[in-house]
Amino acid sequence: MKKIDQKAILEPIDRTNFRKLFNMQLRNEQVTFVTPPRWTLARCYVKLFGDNFEHLPHLIRAGDEVVGYATTVCDPDSADSYWIDDIMIAANYQGKGYGRAAMLEVLQMIAARYPRCEAVQLTCFRTNLSAAALYVSLGFRPTGGVDEEFGEPNYKLTGDALAKFRP
Ligand SMILES: CC(C)(COP(=O)(O)OP(=O)(O)OC[C@H]1O[C@@H](n2cnc3c(N)ncnc32)[C@H](O)[C@@H]1OP(=O)(O)O)[C@@H](O)C(=O)NCCC(=O)NCCS
């Protein structure tokens with residue numbers, strides 16, 4: 001199937017589907033790029049970023065397959081505290097267009113769910129060249145700042161590049 005044909009659906013993670021997270025594997029060289037899938041639920045449960053943030057974990061589905069996960073952490077009352085905390089496509093599904101399809105869904109979800117959102121942010125490790133290429137192609141730009149937790153570069157999507165995702 002051509003990459004452009006891929007569709008992804010975000011499915012909120014709950015007690016019925018959370019076990020799907022646990023089988024997802026990355027390539028060895030990728031494991032530091034993203035929170036291990038089990039940990040993403042823990043970070044959401046303890047509201048790691050603070051009570052004012054909505055912590056939302058989603059499975060990424062493509063048809064009947066679960067191909068990855070994405071977690072957003074957003075302060076609905078803010079202008080620019082809307083973070084894609086993690087996104088991962090499992091190794092055996094990578095390079096087929098699911099990551100791009102999932103990013104489009106995540107950005108549309110954020111734009112629809114949070115009317116005050118004026119910027120979507122994320123952190124991408126310097127050595128994670130393929131993820132950075134994906135983000136830049138969607139309109140994200142480096143802010144010049146670094147993430148407090150990892151010291152890695154932050155990226156921001158704003159202005160017209162974000163407006164494309166509004167309902
Ligand atoms: C980054 C990731 C989410 C991309 O998902 P994916 O399904 O492999 O990506 P896609 O097939 O949709 O490709 C999307 C874009 O990513 C980039 N990309 C993907 N694989 C690449 C590779 N091997 N080399 C260079 N760029 C690549 C390209 O810009 C590509 O653009 P294209 O659609 O014009 O080809 C996925 O590889 C992943 O989960 N990696 C490990 C975890 C991780 O790094 N998460 C992000 C943390 S910031």
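These legends describe views of a predicted model.

Local features need pLDDT of at least 70, side-chain atom pairs count only at pLDDT 80 or more, and totals for chains, interfaces and linings use all residues. Residues are numbered from 1 along each chain as its sequence is written, and side-chain values use heavy atoms, without hydrogens and water.

**View 1. Overall fold of the protein.** The protein has 4 helices and 7 strands (DSSP runs numbered from the N terminus: helices are H or I of at least four residues, strands E of at least two). Their order along the sequence is β-α-β-β-β-α-β-α-β-β-α. The radius of gyration, over C-alpha atoms, is 15 Å, close to the 15 Å from the globule rule (2.2 Å times the number of residues to the power 0.38) for 167 residues, so the protein is as compact as a globular protein of that length. Of these 167 residues, 50% are buried (under 20% relative accessible area; exposed is over 50%, partly exposed in between; 1.4 Å probe, protein chains only).

View 2. Helix α1 spans residues 37–45, with P37, T40, R43 and C44 buried. They lie on the same side of α1, because their arc around the axis is only 105 degrees (directions run from the helix axis to the C-beta atoms). The face turned away from the buried side carries exposed R38, W39 and Y45.

**View 3. Surroundings of α1.** Its buried residues pack against β2 (54–62), β3 (65–74) and β4 (82–89) (contact: heavy atoms within 4.5 Å). Just after α1, K47 has a positive phi of about 50 degrees.
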